[in-house]
Amino acid sequence: MERKIEIVSVELIKPLSPTPNHLRCYEFSLLDQMAVDMSVPLALFYPPPLDGGESSRLLLLKKSLSEILARFYPFAGRIKDNSVECNDDGVPFYEAFAHNYQLEDVLRKPAYVNERFLPTTVEEGSFMSDSALYPLLVQVTLFNCGGMAIGIRASHKVADCATLCTLINAWSTIARGTIEGVVPEFVAAAKFLPPPIPHVQPKPMNFDVPKDLVDKKLVAKFIAFDASTITSLKAKAVSDSVQMPSRVEVVSAVIWKCAMVASGNETRLSKLVHNVNIRKRLVPPLPNHCVGNVVTPATACKGENDGSDLPTLVTCIRKALSELSSKYVDFKQNRDEAIFAIPYDAAEIFAARFRGEIEIHISSLCTYPFYDVDFGWGKPSWVSLIRSFGVGTVILMDSRDSGGVDAWVYLKDKDNMLVFEQELQLLAFGSAK
């Protein structure tokens with residue numbers, strides 16, 4: 001039988017209290033303005049509660065969302081140019097039902113998870129025909145078994161993954177009846193990363209988008225690295241330079257190695273890019289709950305004369321991350337230089353990625369406490385970032401099992417993915433399929 005998700009209803013959830021007049025305009029920082037006009041998508045899957053009560057759960061979600069929007073007021077507004085008009089118009093909240101889906105199907109086969117679990121706009125002419133205007137959209141999908149999926153899209157102009165994590169954890173805290181909760185910080189990022197100076201023009205960049213980067217043949221692969229596999233990989237990756245590799249470093253190195261083999265690039269120059277949350281790397285640091293885009297790329301480079309073994313690749317990754325940290329040590333003394341280095345570095349990497357010079361581009365959500373999001377009926381059984389990404393993109397997240405890593409890998413076609421999987425089995429799991 002055909003699996004489908006039916007939208008049952010949609011309404012706008014408005015803040016419990018009005019936004020004060022002096023907070024009606026939320027200006028984007030420099031990095032917010034540079035952010036790609038897309039969403040940060042997330043889905044959390046919950047098992048059936050012991051006491052049932054679907055209607056009461058939906059009412060609680062709406063009520064607590066209204067309460068938290070009074071604190072996270074830009075998310076209830078509308079995006080306009082380089083700012084958010086904090087007009088309290090509300091967040092679109094969709095209710096949906098999963099036909100011929102079982103929650104266990106999703107947990108057993110992550111391939112069943114797709115964008116239908118995420119909120120999207122309805123037909124043209126409706127009051128929600130342009131999703132680009134909305135900082136936040138929410139969809140709650142119910143399963144016949146009583147399980148639930150909470151899907152969220154946050155505009156990347158307003159939020160990075162750290163911001164989304166702050167928002168959803170604060171929402172769940174309010175739902176559980178804790179009044180204090182998280183107090184978001186809206187000023188720090190804008191002060192650190194102010195809008196561009198009007199008379200300073202950014203350096204122009206001209207490049208064409210290769211067809212294979214957005215080819216419809218794009219293939220996604222879900223890979224679960226359990227804790228024991230990661231422990232084994234760490235042992236293989238130890239070197240004099242990196243004596244205690246992290247799980248993200250070894251998983252990234254394995255994926256980088258396999259991607260190079262799949263593309264025939266193992267003996268040539270190869271680059272891997274990590275998106276890095278720099279809130280705590282800055283001197284002075286920004287608050288953890290600072291809202292906005294406070295992410296910059298770190299580029300690891302394997303030279304033509306370098307090997308492609310795990311210790312070498314982990315060393316390249318560690319070097320890139322270390323250099324990124326040292327870059328902001330003298331932030332107080334070189335504030336302007338640091339501010340403008342971030343967007344230029346990001347722009348250069350963006351251009352190199354579209355020119356095909358970047359092998360892998362990784363976004364890691366590991367250590368973000370998404371599995372702590374409890375609205376009052378338990379923690380999620382699984383959390384996943386959902387979206388069709390470009391070629392060479394990798395998303396890393398904590399697994400359901402402690403110490404593991406879930407990876408979504410996007411390559412250009414089936415042939416590429418077949419070679420990738422064969423190398424992965426030999427390198428990480430000890431055998432070929």
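I count a residue as exposed when its relative accessible area is over 50%. T367 has 62% relative accessibility, so I list T367 as exposed. The model I am reading is predicted.

**Entry 1: positive phi**

I stayed with T367 and looked up its backbone. Its phi is near 80 degrees, a positive value in a residue other than glycine. I found T367 in the loop between β12 (360-364) and β13. Most residues other than glycine have a negative phi. D88 sits in the loop between β5 (83-85) and β6. Is D88 buried or exposed? Its relative accessible area is 11%, so D88 goes down as buried.

**Entry 2: the sheet**

I traced the strands next. Six of them make an open sheet, in the order β1-β6-β7-β8-β3-β13. The pairing is mixed. Which strands stand at the edges? They are β1 (4-13) and β13 (382-384). Each has a single partner strand, so one side of each has no neighbour in the sheet. I logged an average twist of 15 degrees from one strand to the next.

I then took one pairing in detail. Strand β6 (residues 91-99) and strand β7 (residues 136-142) run parallel and are joined by five bridges. For F93, I wrote down V138 in β7 as the bridge partner.

Helix α2 (residues 54-69) came up while I was there. It lies across β1, β6, β7 and β8 (148-155). Its direction is at about 155 degrees to β6.

**Entry 3: aromatic rings**

I went through the ring pairs. The count comes to 16 aromatic pairs. I picked out F222 and W382, an edge-to-face pair. The centres are 5.9 Å apart, and the planes stand at 90 degrees. What does this pair tie together? F222 is in strand β9 (residues 219-225) and W382 is in strand β13, so the pair ties parts that are 160 residues apart in sequence.

I checked accessibility for both residues. W382 has 3% relative accessibility and so counts as buried. F222 has 22% and so counts as partly exposed. I also noted a cluster linked by ring pairs. Its members are F45, Y101, F117, F143, F222, W382 and W408.

**Entry 4: α6 against α8**

I turned to a helix pair. At what angle do helix α6 (residues 227-237) and helix α8 (residues 310-326) cross? Their axes cross at roughly 90 degrees and come within 8 Å. I therefore describe α6 as roughly perpendicular to α8. On the α6 side, I listed L233, K236 and A237. They meet L310, P311 and V314 in α8. By type, the contact residues are five nonpolar, no polar and one charged.

**Entry 5: V182**

The relative accessible area of V182 is 18%, and the cut-off for buried is under 20%, so I mark V182 as buried. Which residues does V182 contact, leaving aside its neighbours within four places in sequence? I found R71, T166, A170 and H289. I followed up on H289. V182 and H289 are 107 residues apart in sequence. Their C-alpha atoms are 7.7 Å apart in space.

Terms used
Residues are numbered from 1 along each chain as its sequence is written. This is a predicted model: local features need pLDDT of at least 70, side-chain atom pairs count only at pLDDT 80 or more; totals for chains, interfaces and linings use all residues. Side-chain values use heavy atoms; hydrogens and water are left out. Axes are lines fitted to C-alpha atoms, for helices over the stretch in contact, and angles run from 0 to 180 degrees between N-to-C directions. Helices (H or I, at least four residues) and strands (E, at least two) are DSSP runs, numbered from the N terminus. Angles under 35 degrees count as roughly parallel, over 145 as roughly antiparallel, 65 to 115 as roughly perpendicular and the rest as oblique. Contact means heavy atoms within 4.5 Å. Ala, Val, Leu, Ile, Met, Phe, Trp, Tyr, Cys and Pro count as nonpolar, Asp, Glu, Lys and Arg as charged, and the others, Gly among them, as polar. Two strands pair if DSSP finds at least two bridges between them. Rings of Phe, Tyr and Trp (its six-membered ring) pair if their centres lie within 6.5 Å; planes under 30 degrees apart count as stacked, over 60 as edge-to-face and the rest as tilted. Buried means under 20% relative accessible area, exposed over 50%, partly exposed in between (1.4 Å probe, protein chains only).
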